[in-house]
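Here's a protein chain to explore with the structure open beside you. Take a moment to turn it around before reading on.

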Amino acid sequence: MKLKLINFLIVLPFFSTAQHTERYLTLLAKLTPTDSSKIVMQYKNGKTSYSGNTTYYKYQDKEYAFLTGKHIRNYKNGSRTEGIYDSWGTILENRYYDKRGNIISETKTFLIDSEANNIESFDKSNRHIIFIIKGKKYKYSKKLSEWYTYKECEYNNGKKSGTWNYYLPNGKLKKQKNYN
């Protein structure tokens with residue numbers, strides 16, 4: 001049996017609930033789950049640096065492994081990322097926190113599709129994947145003593161798309177930029 005670790009769609013850190021297309025779900029329904037394992041890595045001082053799950057699938061004579069569920073990476077400086085993956089390794093949500101636990105950015109995947117015709121094509125490349133991700137970035141206003149959304153953005157297959165909104169600390173729209 002050949003083990004292939006598929007790491008597709010490890011995209012900029014952002015969070016959301018994805019909408020898989022029927023075509024995508026039909027293609028991946030051919031994979032049969034066989035096992036799962038918890039991954040935990042630690043720094044020398046014993047603190048957890050990374051935790052998450054991997055789910056293993058079988059299709060014909062091959063085995064595939066995908067990151068699944070919630071994954072947390074703790075950085076030495078105290079910041080962390082939290083990501084949620086679907087059953088096939090696609091990141092659905094991602095959040096980045098500073099060392100004080102304040103959210104700095106978040107993304108959500110709103111569309112996931114694939115143009116692959118079979119599992120073999122799916123496995124060879126990730127160029128067949130179609131995805132739309134929306135994100136928010138936050139800043140702290142010393143004047144208001146609070147965090148605020150300063151940017152709302154969208155990516156279509158990793159490229160800037162849609163209307164990006166930039167905000168002032170008081171929540172008023174500062175400017176918009178269109179990426180169509």
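What follows is a short tour, from the whole chain down to single residues.

## What you're looking at

First, a heads-up: this is a predicted model, where local features need pLDDT of at least 70, side-chain atom pairs count only at pLDDT 80 or more, and totals for chains, interfaces and linings use all residues. Residues are numbered from 1 along each chain as its sequence is written, and side-chain values use heavy atoms, leaving out hydrogens and water.

That pLDDT is the predictor's confidence in each residue, from 0 to 100. The protein chain averages 88, and 90% of the residues score at least 70. Confidence is lowest in strand β1 (residues 2-5), with a mean of 40, and highest in strand β11 (residues 162-167), at 98. Across residues 1-18 the pLDDT is below 50, though that stretch still has 83 contacts in the model beyond near neighbours in sequence. A contact means heavy atoms within 4.5 Å.

## The overall layout

The protein chain has two helices and twelve strands. Both kinds of element are DSSP runs, numbered from the N terminus: helices are H or I with at least four residues, and strands are E with at least two. Reading from the N terminus, the order is β-α-β-β-β-β-β-β-α-β-β-β-β-β.

Along the principal axes, the C-alpha atoms fill a box of roughly 60 × 50 × 20 Å. Of the 180 residues, 40% count as buried. Here buried means under 20% relative accessible area, exposed means over 50%, and partly exposed is in between (1.4 Å probe, protein chains only). Among contacts with a separation of 6 or more, 44% come from residues 24 or more positions apart.

## The nonpolar core

In soluble globular proteins, nonpolar side chains tend to be buried together. A nonpolar core is a set of buried Ala, Val, Leu, Ile, Met, Phe, Trp, Tyr and Cys residues joined through side-chain atoms within 4.5 Å. The largest one here has 17 residues, and those with the most contacts inside it are Tyr24, Leu28, Leu31, Trp88, Ile119 and Phe122. The elements that give two or more residues to this core are α1 (22-28), β3 (48-59), β4 (62-74), α2 (119-124) and β8 (129-141).

## A hairpin up close

Now look at β2 and β3, which pair in the antiparallel sense over ten bridges. (Two strands pair if DSSP finds at least two bridges between them.) For example, the bridge partner of Ser36 is Thr55 in β3. The two strands form a hairpin with five residues between them, and Gly46 in the turn has a positive phi of about 95°.

Met41 is found in β2 (residues 32-42) and is partly exposed, because its relative accessibility is 42%. Leaving out residues up to four places away in sequence, Met41 touches Lys47, Thr48, Ser49 and Tyr50. Met41 and Arg73 are 32 residues apart in sequence, yet their C-alpha atoms are 9.3 Å apart in space. Ser49 lies in β3 and counts as buried, since its relative accessibility is 10%. Beyond its neighbours within four places in sequence, Ser49 is in contact with Met41, Gln42, Tyr43, Ile72, Arg73 and Asn74.

## Charged pairs

Side chains of opposite charge can pair when their charged atoms come close. A salt bridge is a side-chain nitrogen of Lys or Arg within 4 Å of a carboxyl oxygen of Asp or Glu, and the count here comes to five. One of them joins Glu82 and Lys70, whose closest N and O atoms are 3.7 Å apart. Glu82 lies in strand β5 (residues 80-85) and Lys70 in β4, so this pair ties together parts that are twelve residues apart in sequence. Glu82 is buried at 12%, whereas Lys70 is partly exposed at 45%. Lys70, Arg80 and Glu82 are linked in a network of salt bridges.

Another pair is Arg95 and Glu106, with closest N and O atoms 3.2 Å apart. Arg95 sits in strand β6 (residues 91-97) and Glu106 in strand β7 (residues 103-114), so they tie together parts that are eleven residues apart in sequence. Lys134 and Glu154 also meet in a salt bridge, at 3.9 Å from N to O. Lys134 is in β8 and Glu154 in strand β9 (residues 146-156), so parts 20 residues apart in sequence are tied together.
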